[in-house]
Amino acid sequence: MPIPSAIVKSARRFWKWEWMNLMNGLAPSDKKGNFCRVPSQKLTTSIPVSSDLMGRAKEDLPILIVGRSCPWAHRTWLMFELKNLKDQINLIFARADHSAGRWAIEPAWHGLKTLDEIYKKCQMPAKFKSTVPVLIDPKPSKHKHPEILGNESSELVIALNNWPLNQDQIDLNPSYLIEEINYWQNMIQLSVNDGVYRCGFARNQSAYNKASNELFKAINFIEKKLSQKGPWLCGEHLTIADVRLFPTLIRWEMVYSPLFRCSKVPLWNFPNTWEWRKKFASIPNVTKTIDSEAWRTDYFGALFPLNPSNIIPDGPDIMTLINSKISF
């Protein structure tokens, strides 16, 4: 027996009302339904001086806490690997605890089991939201308690590039490319990194259409520039601009296309961008940062308003996908 149309209409209206309320908590929007990212509660990033780091025991070195699924944390993890900082910084992973809505630390760090507890240990005000990435000095010279050195990914990327005592001479932010790097970073952050979220968190069709068009306009621009001047965004030199773009594009088929509806054009329709992603993924140690299972689990499992069934879909093998050849 078919469900009466009146019940269907009432159910749709109720679900839409409930969905809007859930989205208000997850992803605020303007009056036209466009996603508006809440400004982060960032701290000014600082770097310990060389003399303060020399001679430290392994357990007393600064720690970088990242979440495997967070694309902003992914930037800093990439810098950690690209700059070969394993002997200068300890890397700790936070796990997204979906039921509690917080970051869990497993195994615990000095008995602290959540990122909230670590922020509290660092004597951060309660108003500060505990987020990844975060860089912490466990034994700063001027405090008796651990100190947060920074929690803003774009600043942390530069700090890691300039880390003292680092013997790796690769410079991903050379002065002669600063203007070009900054241009790319600003464009990518606004149009691509946030662009996928504007698609996924759009409240109505008009807001989605606008976000999707702007996103693929940016991807087309990147494709054109790579065809004219490659293999990297700034030409022959790998930079932090490439580091900013990679976490978004590597998640494309895993979460952004199926869940955030970034599906207007498949990524393989942009051959230069496809090859750029493949080349970046082939850099030594980059594959350590690629965890498609964590991405699907956290995006599909945690973003309830976008996936109320909590069913985590299968996805293609990420490395087979990255290395696949495209032809037209």
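Reader: Which residue in β5 is the bridge partner of L64?

Author: In this predicted model, strand β1 covers residues 63-67 and is joined to β5 by three bridges, the two strands running antiparallel. Within that pairing, the residue of β5 that partners L64 is L135.

Reader: Which residue in β6 does I136 stand opposite?

Author: Strand β5 is also joined by three bridges to β6, made of residues 147-150, and these strands run antiparallel. I136 has as its opposite in β6 the residue I148.

Reader: Are the residues of strand β5, which point one way or the other, buried or exposed?

Author: From this strand, which spans residues 134-137, V134 and I136 point one way, while L135 and D137 point the other way. Whichever way they point, all of them are buried.

Reader: What volume does the largest pocket have, and how many residues line it?

Author: Among the elements that give two or more residues to its lining are α1 (5-26), β3 (102-109) and α12 (292-302). By class, the lining holds 19 nonpolar, twelve polar and eleven charged residues. R37, C70, W103, K129 and T131 are the closest to the centre of this pocket. Its volume is about 1600 Å³, and the number of lining residues is 42.

Methods. Residues numbered from 1 in each chain as written. Predicted model: local features only at pLDDT ≥ 70, side-chain atom pairs only at ≥ 80, totals over all residues. Heavy atoms only, no water. 1 Å grid on protein atoms, 1.4 Å probe; cavity = no way out; pocket = protein on both sides within 12 Å on 5 of 7 lines; lining within 4 Å. Points joined across faces, edges and corners; volume = space filled by probe spheres on them. Helix = DSSP H or I, 4+ residues; strand = E, 2+ residues; numbered from the N terminus. Nonpolar A, V, L, I, M, F, W, Y, C, P; charged D, E, K, R; others polar. Buried < 20%, exposed > 50% of the residue type's maximum accessible area, 1.4 Å probe, protein only. Pairing = 2+ DSSP bridges.
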